[in-house]
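Dear colleague,

Here is the structure I said I would pass on. My notes on it follow below.

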Amino acid sequence: MTNIELVARYAIFAVIAIVSNLATQRAVFSIIEGPYVIVAALILGTAVGLVIKYVLDKKWIFGDPSSGVAAHSRKFGLYTLMGVATTLIFWGTETAFWLIWQNEAMRELGAVLGLGVGYITKYQLDKRFVFESPDAAPKPT
């Protein structure tokens, strides 16, 4: 896989995870009301996006051949841990946009910007600490 193919694939998977995350958030906003709705939306949206992105990254970005509950548990745990800092970037940006503009469109713009920066950072962390096997990452051709 070339570097361009890797970047394109990663970007497509990020978009899939972002859309899934935001769709989940919209569903939460349509079901729940109250002062904590944004917290519920952030948590549930993030969980959905995380699982989708892990499955796609493991196979199609890093070519990780490991299988079984123990291997998946370990890798998913590390993948989630690497996502903590990047999630804070995402949540902070989305929340700031929400607090400043109190507007759904601006909240979602903040989410997209925060997720974009977060995914760029997360790729580097995942490459180094989660899928660290030299044979796991596809090599440019």
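**Lysine 53 and the rest of the chain**

K53 counts as buried, with a relative accessibility of 1%. Buried here means under 20% relative accessible area, exposed means over 50%, and partly exposed lies in between (1.4 Å probe, protein chains only). Before going further: this is a predicted model, in which local features need pLDDT of at least 70 and side-chain atom pairs count only at pLDDT 80 or more, while totals for chains, interfaces and linings use all residues. Residues are numbered from 1 along each chain as its sequence is written, and side-chain values use heavy atoms, with hydrogens and water left out.

K53 sits in helix α2, which covers residues 37–61. Helices are DSSP runs of H or I with at least four residues, strands are runs of E with at least two, and both are numbered from the N terminus. The side chain of K53 makes two polar contacts that I can list: one of 2.8 Å with the side chain of D57, and one of 3.4 Å with the side chain of Y10. A polar contact is a pair of N or O atoms within 3.5 Å; within protein, one must be able to donate a hydrogen and the other to accept it, and residues adjacent in sequence count only if both atoms are side-chain atoms. Setting aside residues up to four places away in sequence, K53 touches Y10, F13, A14, A17, Y79 and Y119. Contact means heavy atoms within 4.5 Å.

S20 belongs to helix α1 (residues 3–31). S20 is also buried, at 17% relative accessibility. Apart from neighbours within four places in sequence, S20 is in contact with V48 and I52.

T80 is in α3 and is partly exposed, its relative accessible area being 29%. Its C-alpha atom is 9.6 Å from that of V130, although T80 and V130 are 50 residues apart along the chain. From T95 to E108 is 13 residues in sequence and 9.7 Å in space, C-alpha to C-alpha.

Which residue has a positive phi although it is not a glycine? That is Q102, with a phi of about 45°. Q102 lies in the loop between α3 (69–101) and α4 (104–130). Most residues other than glycine have a negative phi.

Now the whole chain. The protein chain has 4 helices and 0 strands, in the order α-α-α-α from the N terminus on. The radius of gyration is 16 Å, close to the 14 Å that the globule rule gives for 141 residues, so the protein chain is as compact as a globular protein of that length. That radius is taken over C-alpha atoms, and the globule rule is 2.2 Å times the number of residues to the power 0.38. Along the principal axes, the C-alpha atoms fill a box of roughly 50 × 30 × 20 Å.

Of the 141 residues in the protein chain, 38% are buried. Among contacts between residues at least 6 apart in sequence, 73% join residues at least 24 apart. The chain exposes about 7,900 Å², with 73% of it supplied by carbon and sulfur atoms; accessible areas come from the Shrake-Rupley method with a 1.4 Å probe, and for residues only the protein chains shown count as cover.

Regards
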